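Hi,

Here is the structure I promised to pass on. Have a look at it first, then read my notes below.

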Amino acid sequence: MKEKIRQFMIGRYGTDGLNQFLNIASLVLILVYILTRLPLLLYVGVVLLGLCYYRMFSRNISKRTEENYKYYAAVSYTHLRAHE
């Protein structure tokens with residue numbers, strides 16, 4: 001089974017920092033939905049999770065790398081602004 005997954009992922013983007021953020025954000029939103037029963041939180045959480053999986057299985061590696069670079073640039077800029 002491990003070999004089949006490895007074969008499937010050949011040529012696909014995989015995971016990165018942006019995917020980790022999307023995954024954690026979707027998990028938090030879904031958990032908050034369970035506590036509050038606000039449907040919008042569930043919808044946004046599921047959309048973020050879908051986006052995470054779309055990026056992970058994408059074959060457009062250059063586009064996903066560019067998105068991840070922009071994510072890190074935004075996080076870095078926000079971090080620098082917080083310490084001014």
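Start with Asp-16: a polar atom of its side chain lies 3.2 Å from the backbone nitrogen of Leu-18. Keep in mind that this is a predicted model. The side-chain atom in question is an oxygen, and the pairing sits at the start of helix H2. Asp-16 itself belongs to the loop between helix H1 (2-9) and H2.

Is Asp-16 buried or exposed? The cut-off for buried is under 20% relative accessible area, and Asp-16 has 9% relative accessibility, so it counts as buried. Leaving out neighbours within four places in sequence, Asp-16 is in contact with Arg-55, Arg-64 and Asn-68.

Now follow H2 along. This helix covers residues 17-36, and its 28 Å from first C-alpha to last is close to what is expected for 20 residues. Its buried residues include Leu-18, Leu-22, Ala-25 and Tyr-33, and the buried residues of H2 pack against helix H3 (39-57) and helix H4 (61-82). Just after H2 comes Arg-37, with a positive phi of about 60°.

How do H2 and H3 sit together? Their axes are 8 Å apart, at an angle of about 155°. Angles over 145 degrees count as roughly antiparallel, so that is what H2 and H3 are to each other. The crossing of H2 past H3 is left-handed. On the H2 side, the contact involves Leu-22, Leu-29 and Ile-30, among others, while H3 brings residues including Leu-42, Leu-49 and Arg-55.

Cheers

Note on methods: Residues are numbered from 1 along each chain as its sequence is written. This is a predicted model: local features need pLDDT of at least 70, side-chain atom pairs count only at pLDDT 80 or more; totals for chains, interfaces and linings use all residues. Side-chain values use heavy atoms; hydrogens and water are left out. Helices (H or I, at least four residues) and strands (E, at least two) are DSSP runs, numbered from the N terminus. The expected span of a helix is 1.5 Å times one less than its number of residues. Buried means under 20% relative accessible area, exposed over 50%, partly exposed in between (1.4 Å probe, protein chains only). Contact means heavy atoms within 4.5 Å. A polar contact is a pair of N or O atoms within 3.5 Å; within protein, one must be able to donate a hydrogen and the other to accept it, and residues adjacent in sequence count only if both atoms are side-chain atoms. Axes are lines fitted to C-alpha atoms, for helices over the stretch in contact, and angles run from 0 to 180 degrees between N-to-C directions. Angles under 35 degrees count as roughly parallel, over 145 as roughly antiparallel, 65 to 115 as roughly perpendicular and the rest as oblique. A crossing is left-handed if the near helix is turned anticlockwise from the far one by less than a right angle, and right-handed if clockwise.
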